[in-house]
Number of protein chains: 2
Amino acid sequence: MPNLDAAFSALADPTRRAILARLALGEATVMELVEPFELTQPAISRHLKVLEGAGLIVRRVEGTKRPCRLAPSAVAEIDQWLGMLRRALEANYDRLDGVLAAMKPET
Amino acid sequence: MPNLDAAFSALADPTRRAILARLALGEATVMELVEPFELTQPAISRHLKVLEGAGLIVRRVEGTKRPCRLAPSAVAEIDQWLGMLRRALEANYDRLDGVLAAMKPET
DNA sequence: CGAGTATATAAGATATTATTTATATAACTG
DNA sequence: CAGTTATATAAATAATATCTTATATACTCG
């Protein structure tokens, strides 16, 4: 089970979300990801490590470059967990209790 | 606009996710939420404050009790943001670039 | 090989978070 | 009103995260 802690924690940082948004447009190298931010290269490298550790990105080796791109798995897992809340909220306001009694709380 | 930072950050903690899972089963008071955990009441109160600040729960006043329940707004916002990644990943592997060029990165 | 480029790691400063114990507030209960 | 219950806040501590500068590694090119 990839880690929900790590995934949500990674998404909690606006720089990291911006990196993911950039990667949604396509693969990018570390230096390409450094450029739009006012942070140093080591800072971005660290953010990338966090994102990779959370399973949100993957990296290739291409000579001296390490292009990053989005990874599917973690997003799916987050979606699945949020689905629980979504369903609870859709099933709604007035009668939350009864309808949802069948759901198992969490690990 | 409720805060994505706050929302994801709130979700990054397993105790808080467990609290949300419990609330998906229906409203609960602070003491009811304390019971299943091996944490003190002040610790849970603080977690609830974080969840409330993130817009993930709301509270009523009922005498001396403060029953909590899920709030819809933050989940919707998170969903929306994750939707960007989801679409990028669905549009997929081979040709991420072209298809997604129309997307705006982030705030 | 030697210089330059791309990236990673280390060390250190500072900030933030999570927790506990102790205490405060406020509402019910007899 | 006094005691009890439900919850919040404060102070102290410990662990974690983030950033910077400095430096290491590892490819590439002439």
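In which kind of crossing, left-handed or right-handed, does helix 5 of chain A pass helix 5 of chain B? The legends below describe a predicted model.

**View 1. Helix 5 of chain A meets helix 5 of chain B.** The crossing is left-handed. Each helix spans residues 72-91 of its chain. Their axes come within 10 Å and cross at roughly 150°. Angles over 145 degrees count as roughly antiparallel, so helix 5 of chain A is roughly antiparallel to helix 5 of chain B.

**View 2. Residues make the contact of the two helices.** Helix 5 of chain A contributes Pro72(A), Val75(A), Ile78(A), Asp79(A), Leu82(A), Leu85(A), Arg86(A) and Leu89(A). Helix 5 of chain B contributes Pro72(B), Val75(B), Ile78(B), Asp79(B), Leu82(B), Leu85(B), Arg86(B) and Leu89(B). By class, this contact has 12 nonpolar and four charged residues, with no polar ones.

**View 3. Chain A touches chain B.** Here 35 residues of chain A are in contact with 35 residues of chain B. On the chain A side, the elements giving two or more residues are helix 1 (4-11), helix 2 (14-24), strand 2 (68-70), helix 5 and helix 6 (96-100). Helix 5 gives the most to this side, with 10 residues. The chain A side has 24 nonpolar, two polar and nine charged residues.

**View 4. Residues surround DNA strand C.** There are 23 of them. The closest are Thr29(A), Met31(A), Pro42(A), Ala43(B) and Gly63(B). Helix 3 (30-34) and helix 4 (41-53) of chain A each give two or more residues to this surface, as does helix 4 (41-53) of chain B. The surface divides into eight nonpolar, 10 polar and five charged residues.

Technical notes:
Residues are numbered from 1 along each chain as its sequence is written. Chains are lettered from A and ligands numbered from 1 in the order in which they are written. This is a predicted model: local features need pLDDT of at least 70, side-chain atom pairs count only at pLDDT 80 or more; totals for chains, interfaces and linings use all residues. Axes are lines fitted to C-alpha atoms, for helices over the stretch in contact, and angles run from 0 to 180 degrees between N-to-C directions. Helices (H or I, at least four residues) and strands (E, at least two) are DSSP runs, numbered from the N terminus. Angles under 35 degrees count as roughly parallel, over 145 as roughly antiparallel, 65 to 115 as roughly perpendicular and the rest as oblique. A crossing is left-handed if the near helix is turned anticlockwise from the far one by less than a right angle, and right-handed if clockwise. Two residues are in contact if their C-beta atoms, placed from the backbone, lie within 7 Å. Ala, Val, Leu, Ile, Met, Phe, Trp, Tyr, Cys and Pro count as nonpolar, Asp, Glu, Lys and Arg as charged, and the others, Gly among them, as polar. A residue is near a molecule or strand if its C-beta atom, placed from the backbone, lies within 6 Å of it.
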